[in-house]
Amino acid sequence: MKKPHLLMVGGWRLLLEKAIAVGFDVSFIGDTTAGEWRDGWLERTCVDVRHVAVEQVSTCVVQAREIHARRPLTAAVSFSEFGLESAAVISDALGIQGSTVDIVSSTRYKDVMRGRLDAFPDLALRWQRVKSPEELRSFWERHGPELILKPVSGVGSEGVFEIKNEQDLVELTGEPEWQGDVPYLTEEFVPGDVLYSVETLTVGGEHRTVATTLCKLVGDPCTVVNYVMTPPPAPYDGHVPAVSDTAHRLLDALELEWGVAHTEVKTRVDGRPVVIESQNRVGGQSISRMVEWSTGVLQIDAALGALVGKKPEFTDLPPAHKVAVAFSLLAPAGRVTAVADPKVLDGIGGVVGHEISVTVGAELPGRTDNSGRDALVWLTAPSHEAAFETMRQICESYWVEYEEGYVWHPTF
């Protein structure tokens with residue numbers, strides 16, 4: 001008897017290994033030139049492999065039809081930011097399991113989500129899609145002075161502007177960046193340097209929170225993530241039940257039946273949670289790995305297992321046995337003349353991995369959004385106090401020197 005046949009749209013090797021482990025034969029559509037594929041593992045392991053840019057939805061559908069004709073597919077999924085839409089359209093076109101086009105469009109496109117949430121007053125924000133300085137000013141006069149302007153389909157906080165007053169409005173409307181081909185959405189600003197992300201798994205319309213993380217934000221506007229910590233430390237942990245419940249109500253409103261979701265929530269000064277956005281994927285910065293380190297729950301494995309009838313074995317909001325942190329080392333802009341050897345981080349107790357790309361001679365741009373990172377360190381600890389102590393040791397040990405002779409150390 002043949003195994004169920006899964007099409008993975010984009011992603012990385014571990015995803016395919018997880019799919020195979022839960023009982024699938026797999027096929028793959030995506031970039032096959034990435035380093036981890038160069039050993040021929042894809043071709044040896046998969047039923048079928050197609051080299052296609054995952055953002056090219058129609059091309060992906062054509063290739064999926066060919067794979068399906070050769071051997072019928074059971075499901076098509078993606079855990080990759082840019083493969084979500086193609087996977088959903090394939091699932092719909094072939095009548096197989098996977099995320100729906102409705103869910104992906106409602107989470108990928110911010111104006112679609114805001115429009116759907118207008119029917120749920122407790123989840124809604126004041127918003128408007130804008131394409132001219134006049135439209136932006138009109139909205140500002142009605143709902144300002146503090147607003148956020150962001151691309152409708154943007155990622156990683158790239159292209160996000162904060163309007164604090166009329167001077168900001170005048171300066172922004174004189175800039176060409178947001179008046180091009182990219183559609184923008186403006187909405188009321190929810191202040192604060194703390195963002196919660198709720199990582200969930202939905203099976204049969206039942207939502208379970210796998211973990212809630214605290215994202216500490218810096219920059220102007222406060223959109224750059226300094227560190228992510230799960231579970232949140234005190235006093236922020238007091239908001240976890242309400243934040244989790246808000247994410248569940250959002251997913252109910254969007255009518256999610258199956259899949260993972262990464263929902264970002266802020267709290268107002270009165271403690272009321274407000275949905276910022278949601279994506280039908282796992283969180284960035286390897287949050288799914290952090291969830292595993294903290295709670296032992298395998299979010300992706302459970303999602304794939306559900307497609308072959310395996311019920312999730314964890315409860316809603318499972319207890320955390322460790323603290324897990326993704327710490328961004330946000331070096332400022334400038335030309336690097338010297339930098340600490342990343343190996344110095346390996347000697348710090350609790351550090352479980354790092355990705356450091358800062359090199360001598362590099363011209364660092366400074367970080368204004370979360371679309372790319374020069375240095376990221378992951379760590380685990382038995383308590384929040386121990387986690388912060390490890391972060392302090394990282395700050396003392398890692399440094400970057402600039403042309404002017406300035407030596408920078410990370411902070412949090």
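Helices here are DSSP runs of H or I with at least four residues, strands are runs of E with at least two, and both are numbered from the N terminus.

Before I go on, a word on what you're looking at. This is a predicted model, where local features need pLDDT of at least 70, side-chain atom pairs count only at pLDDT 80 or more, and totals for chains, interfaces and linings use all residues. Residues are numbered from 1 along each chain as its sequence is written, and side-chain values use heavy atoms, with hydrogens and water left out.

Okay, back to H7, which covers residues 133-143. Which of its residues are buried? They are Leu 136, Phe 139, Trp 140 and His 143. Looking down the axis of H7, these buried residues fall within an arc of 100°, so they line one face of the helix; the arc is taken from the directions from the helix axis to the C-beta atoms.

Contact, by the way, means heavy atoms within 4.5 Å.

Now the sheet. Four strands make an open sheet in the order S5-S8-S6-S7, with antiparallel pairing; two strands pair if DSSP finds at least two bridges between them. S5 and S7 are the edge strands, each pairing on one side only. From one strand to the next, the twist averages 25°. S6 and S7 pair over 3 bridges, in the antiparallel sense, and Ile 148 stands opposite Glu 162 in S7. H7 packs on this sheet, touching S5, S6, S7 and S8, and its direction makes about 165° with that of S5. For those angles, axes are lines fitted to C-alpha atoms, for helices over the stretch in contact, and the values run from 0 to 180 degrees between N-to-C directions.

Last topic: salt bridges. I'm counting a side-chain nitrogen of Lys or Arg within 4 Å of a carboxyl oxygen of Asp or Glu, and that rule gives 27 of them. Take Arg 13 and Glu 17, with their closest N and O atoms 3.3 Å apart. The two sit 4 residues apart in helix H1 (residues 13-21), about one helical turn.

Then there's Lys 18 with Asp 301, at 2.6 Å from N to O. Lys 18 lies in H1 and Asp 301 in helix H11 (residues 299-306), so this pair ties together parts that are 283 residues apart in sequence. Lys 18 is buried, at 13%, and Asp 301 is buried too, at 17%.

One more to finish: Arg 50 and Asp 48 form a salt bridge at 3.1 Å, N to O, and both are buried. They belong to a salt-bridge network linking Asp 48, Arg 50, Glu 66 and Arg 70.

Notes
Buried < 20%, exposed > 50% of the residue type's maximum accessible area, 1.4 Å probe, protein only.
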